[in-house]
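Let's take a walk through this structure together. Have the sequence and the 3D view side by side, and follow along as we go.

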Amino acid sequence: VILAAFTLHYLHRAVIFPIRIASNKTTPFLVFLMAFVFCFVNGYLQVRDLTQYHVLEDSGEVRVWIGLLVFFAGMYVNIDSDSILRNLRRGPEDAGKYFIPRNGLFEWVSGANFFGEIIEWCGFALASGSVPSAVFACFTVCNIGPRAVQHHQDYKKKFNG
């Protein structure tokens with residue numbers, strides 16, 4: 001079940017999300033390569049740990065189900081927030097314009113998409129109870145947290161505080 005949750009996230013992130021964004025922006029090759037290598041190594045470590053080294057306790061254990069509940073709540077927030085962001089610019093006339101996202105968790109958090117991703121991986125770490133998953137959750141906080149802070153500061157500058 002935990003491995004299925006991991007796979008579902010990356011199925012969404014690698015296949016469904018790119019199809020839905022329909023952007024004509026290109027991604028620099030180095031950025032693509034770095035993201036690919038990171039996801040490949042992280043995927044290998046998570047799957048290897050969950051299938052070879054980590055002995056999962058009874059799947060009826062409360063920690064596993066609470067962790068999965070947190071994971072799927074974070075995934076919902078992440079997907080919903082991505083959808084809100086994607087719909088901010090509806091046509092060519094909106095190119096280059098910035099808008100404040102509304103609805104969903106954006107009513108409380110300026111980086112709701114980042115918040116959802118952080119919650120998702122913390123839930124995954126709780127559900128799996130493994131060291132690689134905990135390290136990945138920590139890395140997610142350290143990587144995405146500063147981006148969320150920067151986005152918040154940018155919103156304050158662009159929209160006068």
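A helix here is a DSSP run of H or I with at least four residues, and helices are numbered from the N terminus. With that in hand, look at the end of helix 4: the residue that follows this helix is Gly129, and its phi is positive, near 65°.

Before going further, please keep in mind that this is a predicted model. The average pLDDT of the chain is 86, and 89% of the residues score at least 70. Confidence is highest in helix 4, at 95, and lowest in helix 1 (residues 2-21), at a mean of 83.

Now for the overall plan. Of the 161 residues in the chain, 31% count as buried. Among contacts in the chain with a separation of 6 or more, 77% are accounted for by residues 24 or more positions apart.

Let's return to helix 4, which covers residues 112-128.

Helix 2 takes in residues 29-53 and helix 5 takes in residues 131-158; their axes are 9 Å apart and meet at an angle of about 150°. Angles over 145 degrees count as roughly antiparallel, and that makes helix 2 roughly antiparallel to helix 5.

Which residues meet where helix 2 packs on helix 5? From helix 2 come Phe38, Asn42, Gln46 and Asp49, and from helix 5 come Pro132, Ser133, Phe136 and Phe139. Sorted by class, this contact has four nonpolar, three polar and one charged residues.

One of these residues deserves a second look. Gln46 is found in helix 2. Is Gln46 buried or exposed? Its relative accessible area is 1%, and buried means under 20%, so Gln46 is buried. Leaving aside residues up to four places away in sequence, Gln46 touches Phe6, Phe124, Pro132, Ser133 and Phe136.

Technical notes:
Residues are numbered from 1 along each chain as its sequence is written. This is a predicted model: local features need pLDDT of at least 70, side-chain atom pairs count only at pLDDT 80 or more; totals for chains, interfaces and linings use all residues. Side-chain values use heavy atoms; hydrogens and water are left out. Axes are lines fitted to C-alpha atoms, for helices over the stretch in contact, and angles run from 0 to 180 degrees between N-to-C directions. Helices (H or I, at least four residues) and strands (E, at least two) are DSSP runs, numbered from the N terminus. Angles under 35 degrees count as roughly parallel, over 145 as roughly antiparallel, 65 to 115 as roughly perpendicular and the rest as oblique. Contact means heavy atoms within 4.5 Å. Ala, Val, Leu, Ile, Met, Phe, Trp, Tyr, Cys and Pro count as nonpolar, Asp, Glu, Lys and Arg as charged, and the others, Gly among them, as polar. The expected span of a helix is 1.5 Å times one less than its number of residues. pLDDT is the predictor's confidence in each residue, from 0 to 100. Buried means under 20% relative accessible area, exposed over 50%, partly exposed in between (1.4 Å probe, protein chains only).
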